[in-house]
Amino acid sequence: MKELKKLLTELGEHVRTELLAYADRGLARQVHGDSPGGDAQFDVDEVAERAVIDHLRAHAGIPLALYTEDGSYVELAPDPQVLLVVDPIDGTRPTSAGLEMGMVSIAAAPYRDGAPTLADVTAALLVEIKSGAWIYGDDQEGLSSGGFHTPVPRLSRNTDLATMFWSIEFNGHPMRLMTEAYAHLVDRSANTGGIFVFNSSTFSISRIITGQLDAFVDIGNRVLRDHPQTEDEFRRVGRGSILHLFPYDIAAAVYLARLAGVVITDAYGDDLGPTSLVDLGPMNQKSCIAASTPELHKQLLDAVHWDLGGTTTPATRKTS
């Protein structure tokens, strides 16, 4: 496990170093195409993906298979023992804008049959690209961190929807549907608490670990599953693709959140563990509700308007 920790730590720092050097040359903010999942890929994504491959080809002392946002699945050695699931930048848009929410996200799981799930993750690392602050965890050592001004984890004790500090996700999510589902919660908490849109699920979930947020809500995938007639709207805002939480978006953050004691499930309240780490299909994409306390998590599940005004089909359970 020590060798794996060293590999993840050095990989995260290498990607960060390459991105900071690129940012020093100016912010291009150019879209160069789409990822295999259909999300727009910016110039910084290319820099980060190249940094991952170059570093692992030169320094991996463990037979690895690699799954990244742009590169999909690559075996870096015969008979891999470990699968790394890497989102070189979770928060491409804030990173492209020079903001603080971009993070390097790395999860590691035993390779086994080549189809591990999120429940198989045994180690993970998150690194803030701008500050270098990091959170690491594994099954043997538990959670550790560096670069924060306060101890981590430091979960809030908030149980009140009106005073919660929380974040939501909009990329690939029709605003009309999201407004119907939780506008009342925004109205209730925006003044006595705080509502944020970071465009990074990893940053949002990690802020619950650090105690800066109370909750994170990304309900797009449940809305689509419950109301399949909304698929055209989701594809319209996704430029033809369904853009919900991909496995590489959440693999590391969910593992670390669990180690920290965060209550984190999909938007049905179900375990995210069965999520395949190597499947980008819409039925393997996920929703997420995470909260610092069980009470707040339950209130969020109960308070969202899942019927969308009662004009659409009744809720049906997910199929995977």
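**Exercise 1. The hairpin of E7 and E8**

Describe the hairpin that strands E7 and E8 form in this predicted model, and state how many residues lie between the two strands.

Solution. Start with the turn: E7 and E8 form a hairpin with five residues between them. Within this turn, Gly-132 has a positive phi of about 85°. Next, look at the pairing: E7 and E8 (residues 134-138) are joined in the antiparallel sense over five bridges.

**Exercise 2. The faces of E7**

Which residues of E7 lie on one side, which on the other, and are they buried or exposed?

Solution. In a regular strand, side chains alternate between the two faces of the sheet. On one side of E7 are Ala-123, Leu-125 and Val-127, and on the other are Ala-124, Leu-126 and Glu-128. Residues on both sides are buried. The count for the strand, residues 123-128, is therefore six buried residues of six, where buried means under 20% relative accessible area.

**Exercise 3. Ala-107 and its surroundings**

Where is Ala-107 found, and what is its bridge partner in E7?

Solution. Ala-107 belongs to strand E6. E6 (residues 103-110) runs antiparallel to E7, with six bridges joining them. In E7, Ala-124 is the bridge partner of Ala-107. The relative accessible area of Ala-107 is 1%, so this residue is buried. Leaving aside neighbours within four places in sequence, the contacts of Ala-107 include Leu-83, Leu-84, Val-85 and Ala-251. A further step compares chain distance with space: Leu-8 is 99 residues away from Ala-107 along the chain, yet their C-alpha atoms are separated by 8.4 Å.

**Exercise 4. A five-stranded sheet**

In what order do the five strands of the open sheet stand, and which strands stand at the edges?

Solution. The order is E11-E10-E12-E14-E13, and the pairing is mixed. E11 (194-196) and E13 (263-265) stand at the edges; each has a single partner strand, so one side of each lacks a neighbour in the sheet. On average, neighbouring strands of this sheet are turned by 15° against each other, direction ignored. Val-263 has Ala-291 in E14 as its bridge partner.

**Exercise 5. Ser-292**

Is Ser-292 buried or exposed, and with which side chain does its own side chain make a polar contact?

Solution. Ser-292 is in the loop between E14 and H9. Its relative accessibility is 4%, so Ser-292 counts as buried. Its side chain makes a polar contact with that of Ser-156, at 2.9 Å. Beyond neighbours within four places in sequence, Ser-292 is in contact with Leu-155, Ser-156, Asn-158, Ile-208 and Asp-214.

**Exercise 6. The largest cavity**

What volume does the largest cavity have, and which element gives the most to its lining?

Solution. There is one cavity of 30 Å³ or more. The largest cavity has a volume of about 300 Å³. It is lined by 24 residues, of which Asp-39, Asp-90, Arg-93, Asn-171 and Asp-249 are the closest to its centre. The elements giving two or more residues to the lining are E2 (40-42), E5 (82-90), H3 (92-96) and H8 (247-260). E5 gives the most, with three residues.

Technical notes: Residues numbered from 1 in each chain as written. Predicted model: local features only at pLDDT ≥ 70, side-chain atom pairs only at ≥ 80, totals over all residues. Heavy atoms only, no water. Pairing = 2+ DSSP bridges. Helix = DSSP H or I, 4+ residues; strand = E, 2+ residues; numbered from the N terminus. Axes fitted to C-alpha atoms, helices over the stretch in contact; angles between N-to-C directions. Buried < 20%, exposed > 50% of the residue type's maximum accessible area, 1.4 Å probe, protein only. Polar contact = N/O pair within 3.5 Å; in protein donor to acceptor, adjacent residues only side chain to side chain. Contact = heavy atoms within 4.5 Å. 1 Å grid on protein atoms, 1.4 Å probe; cavity = no way out; pocket = protein on both sides within 12 Å on 5 of 7 lines; lining within 4 Å. Points joined across faces, edges and corners; volume = space filled by probe spheres on them.
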